[in-house]
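The following account is an explanation in running paragraphs. It begins with a definition and then turns to a metal site and a sheet.

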Amino acid sequence: MPSAMDLTVINVGYRSTNYWVIGAGRSRLLFDLGGPGTMGMLRAQWRRMGVPLEEIRCGLASHYHIDHAGLAQELKSAGVRLLVFETQLPAIPSMKAFTKPQDRYTEIDTSDIDPLPFTESRAILREIGIAGEILPTPGHSADSVSLLLDDGSAFTGDLPPEEFAEAGDPGLVRAGWRVLRGKGARRVYPAHGPVRPI
Ligand SMILES: [Zn+2]
């Protein structure tokens, strides 16, 4: 079992959104799942960065807004296991309402999705060689989650920084950061903008 320190983190983002590939050797997790109709761009980024698609074992959306989960169905069809947590499933159907036909969004088939309890996240991550957990951090949206690695790296999606808590539900945003800090978060990997210390 590799330690958290052996994990590599690669940003395969495009169109001003970060998509993170977090890996232990040849077993990797994709955090945030591309924009709709951009499978070609994502594949090009993986090629450029030397990440083979078959090494992406699982995909996790920070939340089901279109620029964070737009390729979920295409990835699923390509064999990536989609991790959907219990607060996330209800958010999936409304994604379609925020797309236009020219976005070429492929609707997510939820019929075979078993939502996962947060209490199992550590065990699920361990299976792919990642030491960490997935936590509910609503505030930007009810279904927002963060991935916190045991080395202190926190992947927070669109959770607003504390000083801009009013951009979301301020109480929930502050509570989210409190939980992340309390569990040892030290560096933030946001969905937009550079990595920053907490
Ligand atoms: Zn969002």
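A residue is called buried under 20% relative accessible area, exposed over 50%, and partly exposed in between (1.4 Å probe, protein chains only). The model is predicted: local features need pLDDT of at least 70 and side-chain atom pairs count only at pLDDT 80 or more, while totals for chains, interfaces and linings use all residues. Residues are numbered from 1 along each chain as its sequence is written, and side-chain values use heavy atoms, with hydrogens and water left out.

The zinc ion has as protein donors His 63 (NE2), His 65 (ND1), His 140 (NE2) and Asp 158 (OD), at 2.1 to 2.6 Å. Donors are N, O and S atoms within 2.8 Å of the metal (3.2 Å for Na, K and Ca); water is not among the atoms, so sites may look incomplete. Along the sequence, the donor residues follow the spacing H-x1-H-x74-H-x17-D. Distant parts of the chain are linked by the pair His 65, in the loop between β4 (56-60) and α2 (66-69), and His 140, in the loop between β6 (132-136) and β7 (145-149), 75 residues apart. Helices (H or I, at least four residues) and strands (E, at least two) are DSSP runs, numbered from the N terminus. His 65 is partly exposed at 32% relative accessible area, and His 140 is also partly exposed, at 29%.

Five strands form an open sheet in the order β6-β7-β8-β9-β10, with mixed pairing. Because β6 and β10 (196-197) are edge strands with a single partner each, one side of each has no neighbour in the sheet. Strands pair if DSSP finds at least two bridges between them. β7 and β8 (residues 153-157) are antiparallel over two bridges, and Leu 147 stands opposite Phe 155 in β8.
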